Amino acid sequence: MYAVAVMPVLLAAGWRLSKGQPVRPDQLLLFLLAAVLLLAWENLANDVFDADTGVDTHGKPHSLVNLTGRRDRVALLANTALLLGLALMAVVALRSTPLVLALVLACCGIGYAYQGPPLRLGYRGLGEPLCWIAFGPLATAAGLLALAPAAEAATSGVPWRAAIALGGGPALATTLVLFCSHFHQVEEDAAHGKRSPVVRLGTGRAADLVPWFVAACLAFQWAPVLAGQWPLTALLGAVGLPPAQALIRLLRRHHREPEQIAGSKFLALRFQALNGLGLSFGLAIGPWCGAGLGAWCSGLR
């Protein structure tokens, strides 16, 4: 799951390297640790809040509340992870710009609104767009600012255009993970008033959307390559296609069989992780590959 947390800043690092701009390794490490802690809070708090509604009683065997039977301790662990994560992110912000912390706090606010009372927006079918916003433009913009030199970060403002172009596609892959987590628990969700997109659409029509998620993710990433804004090596994000194809086949054949598709979100996670890592690595090596190709062509002449 934690590939979801670290991907925005890894993409930011790859993008900066593709532009020949420096990356601050200390900031990268602090941001990675903070992001993991904050996603741990999100996951644990989700278990706590879903335990209050009863939606996870049968459909989520991996819930830590279900496994331990100790809602109070899981809540304490969640809040501890939140405080530690925000403390580390505050250090990152102090070393760059307060905008980093503001953007991360916005992500946390979205995370709470998704799952926590009184809003529980995930129960109204709004989890997927909220996920895209948080893990796309907001988290990616925070990563771009955190890795920039302090003087640059303090004067540049929020790099929305770069954050949307860079984070939009991978955030669709992250959103697909959330979307696929609903398939095996449609009956439980509906019974407890959780109107996820899969509940609203039905498993058949929802499964038909999965190829469009994958296509949109790749289109987002390939458009800057076709426009000459990113190096050809950015196409390495396509290494995520095999698990995406396996996911599409699985849901097409077994979308009505919860026991068969309980692991669909893990296929979505493999697509998300491989796609994001491939894109980040492809961006990072772009300048070196371009220089090597130029030298090879010069040798031929």
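Reader: Is Arg95 buried, partly exposed or exposed?
Author: This is a predicted model. Buried means under 20% relative accessible area, and exposed means over 50%. Arg95 has 33% relative accessibility, so Arg95 counts as partly exposed.

Reader: Which residue forms a salt bridge with Arg95?
Author: Side chains of opposite charge can pair when their charged atoms come close. A salt bridge needs a side-chain nitrogen of Lys or Arg within 4 Å of a carboxyl oxygen of Asp or Glu. Here the closest N and O atoms are 1.9 Å apart, and the partner of Arg95 is Asp26.

Reader: How many residues apart in sequence are the parts that Asp26 and Arg95 tie together?
Author: Asp26 is partly exposed, at a relative accessible area of 36%. Asp26 lies in helix α2 (residues 25-53). Arg95 lies in the loop between α5 (71-94) and α6 (98-115), so the parts tied together are apart in sequence by 69 residues.

Reader: How many salt bridges does the structure hold?
Author: One is the pair Asp26 and Arg95. Glu152 and Arg16 also meet in a salt bridge through their side chains, at 3.2 Å, N to O. The structure's count is two.

Reader: Which helices does the pair of Glu152 and Arg16 link?
Author: The pair links distant parts of the chain, 136 residues apart. Arg16 is in residues 3-18, and Glu152 is in residues 150-156. The helices are α1 and α8.

Reader: How are α9 and α12 oriented to each other?
Author: Helix α9 (residues 160-180) and helix α12 (residues 203-226) pack with their axes 8 Å apart. The angle is about 160°. Angles over 145 degrees count as roughly antiparallel. The orientation of α9 and α12 is therefore roughly antiparallel.

Reader: How many charged residues has the contact of α9 with α12?
Author: On the α9 side, the contact includes Ile164, Leu172 and Phe179. By class, the contact has 15 nonpolar and four polar residues, and its charged count is no residues.

Reader: What is the handedness of the crossing in which α12 passes α13?
Author: α12 and helix α13 (residues 241-254) pack at about 165°, with axes 8 Å apart. The two are therefore roughly antiparallel. The crossing is left-handed.

Technical notes:
Residues are numbered from 1 along each chain as its sequence is written. This is a predicted model: local features need pLDDT of at least 70, side-chain atom pairs count only at pLDDT 80 or more; totals for chains, interfaces and linings use all residues. Side-chain values use heavy atoms; hydrogens and water are left out. Helices (H or I, at least four residues) and strands (E, at least two) are DSSP runs, numbered from the N terminus. Buried means under 20% relative accessible area, exposed over 50%, partly exposed in between (1.4 Å probe, protein chains only). Axes are lines fitted to C-alpha atoms, for helices over the stretch in contact, and angles run from 0 to 180 degrees between N-to-C directions. Angles under 35 degrees count as roughly parallel, over 145 as roughly antiparallel, 65 to 115 as roughly perpendicular and the rest as oblique. Contact means heavy atoms within 4.5 Å. Ala, Val, Leu, Ile, Met, Phe, Trp, Tyr, Cys and Pro count as nonpolar, Asp, Glu, Lys and Arg as charged, and the others, Gly among them, as polar. A crossing is left-handed if the near helix is turned anticlockwise from the far one by less than a right angle, and right-handed if clockwise.
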